[in-house]
Amino acid sequence: VPLARRQVMRLCNEYFAGPPMHLRRKFRAIWAAMRLYHGESPADVVGMFCDQPHMINEVKRYTGLTPGALQSRIDPVLAATLDEETFRVLPEIFPESLDPGGK
């Protein structure tokens, strides 16, 4: 992004009501929830977090469900949100192949 660090922080606060780190945590948790919802094992997804309890807490914080509940009793609205066809990560700014798992 061709912006200064402080400018990015101000824009994140204005549009997303939080700092860039908060936004990064949110997208990482949602991306992990998408992978779990589509059948990947938690062992494959946990690599982008410190450990499994950290993954569980972050996914639950941003989706309202634990990773196990994502596959069994998911709300239809959340299911539509976690569908890769309907969820887009600002395609004009970030490429579709963006991997938010990087620490």
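**Figure 1. Arg 28 and Glu 58, a buried charged pair in a predicted model.** A residue is called buried when its relative accessible area is under 20%, and in this predicted model both Arg 28 and Glu 58 are buried. Their side chains meet in a salt bridge, with 3.9 Å from N to O, and the pair links distant parts of the chain, since Arg 28 lies in helix α2 and Glu 58 in helix α4, 30 residues apart. Glu 58 also forms a salt bridge with Arg 25, where the closest N and O atoms are 2.7 Å apart; here again distant parts of the chain are linked, Glu 58 being in helix α4 and Arg 25 in helix α2, 33 residues apart. Glu 58 counts as buried because its relative accessible area is 6%, whereas Arg 25, with a relative accessible area of 23%, is partly exposed. Side chains of opposite charge can pair when their charged atoms come close.

**Figure 2. The salt bridge between Arg 35 and Glu 40.** A search of the whole structure finds three salt bridges, and one of them joins the side chains of Arg 35 and Glu 40 at 2.8 Å from N to O. Arg 35 counts as buried because its relative accessibility is 18%, while Glu 40, at 30% relative accessibility, is partly exposed. Elsewhere, salt bridges that share partners join Arg 25, Arg 28 and Glu 58 into one network.

**Figure 3. The largest nonpolar core and the surroundings of Val 45.** The largest nonpolar core has 16 residues, and those with the most contacts inside it are Ala 32, Val 45, Met 55, Val 59, Leu 70 and Leu 82. Two or more residues are given to this core by each of the elements α2 (20-37), α4 and α5 (67-72), with α2 giving the most, namely five residues. When its neighbours within four places in sequence are left aside, Val 45 is in contact with Ala 32, Arg 35, Leu 36, Glu 40 and Met 55. In soluble globular proteins, nonpolar side chains tend to be buried together.

**Figure 4. Ile 56 in helix α4.** Ile 56 lies in helix α4, which covers residues 52-63, and counts as partly exposed because its relative accessibility is 28%. Leaving aside neighbours within four places in sequence, Ile 56 is in contact with Thr 66 and Pro 67. The C-alpha atoms of Ile 56 and Val 46, which are 10 residues apart along the chain, are separated by 9.0 Å.

Figure 5. Leu 3, Leu 11, Tyr 15 and Phe 16 form a nonpolar patch on the surface, and together they have about 380 Å² of accessible area. Leu 11 belongs to helix α1, residues 5-16, and is partly exposed, with a relative accessible area of 31%. At 1.5 Å a residue, the 12 residues of α1 should span 16 Å, and this agrees with its end C-alpha atoms, which are 16 Å apart. Ala 17 is placed in the loop between α1 and α2 and has a positive phi of about 60°, although it is not a glycine. Ala 17 is exposed because its relative accessible area is 70%.

Key. Residues are numbered from 1 along each chain as its sequence is written. This is a predicted model: local features need pLDDT of at least 70, side-chain atom pairs count only at pLDDT 80 or more; totals for chains, interfaces and linings use all residues. Side-chain values use heavy atoms; hydrogens and water are left out. Patches are made of residues with over 30% relative accessible area and no salt bridge: like charges are joined within 9 Å, nonpolar side chains (Val, Leu, Ile, Met, Phe, Trp, Tyr) within 5 Å. Accessible areas come from the Shrake-Rupley method with a 1.4 Å probe; for residues, only the protein chains shown count as cover. A salt bridge is a side-chain nitrogen of Lys or Arg within 4 Å of a carboxyl oxygen of Asp or Glu. Helices (H or I, at least four residues) and strands (E, at least two) are DSSP runs, numbered from the N terminus. Buried means under 20% relative accessible area, exposed over 50%, partly exposed in between (1.4 Å probe, protein chains only). The expected span of a helix is 1.5 Å times one less than its number of residues. Contact means heavy atoms within 4.5 Å. A nonpolar core is a set of buried Ala, Val, Leu, Ile, Met, Phe, Trp, Tyr and Cys residues joined through side-chain atoms within 4.5 Å.
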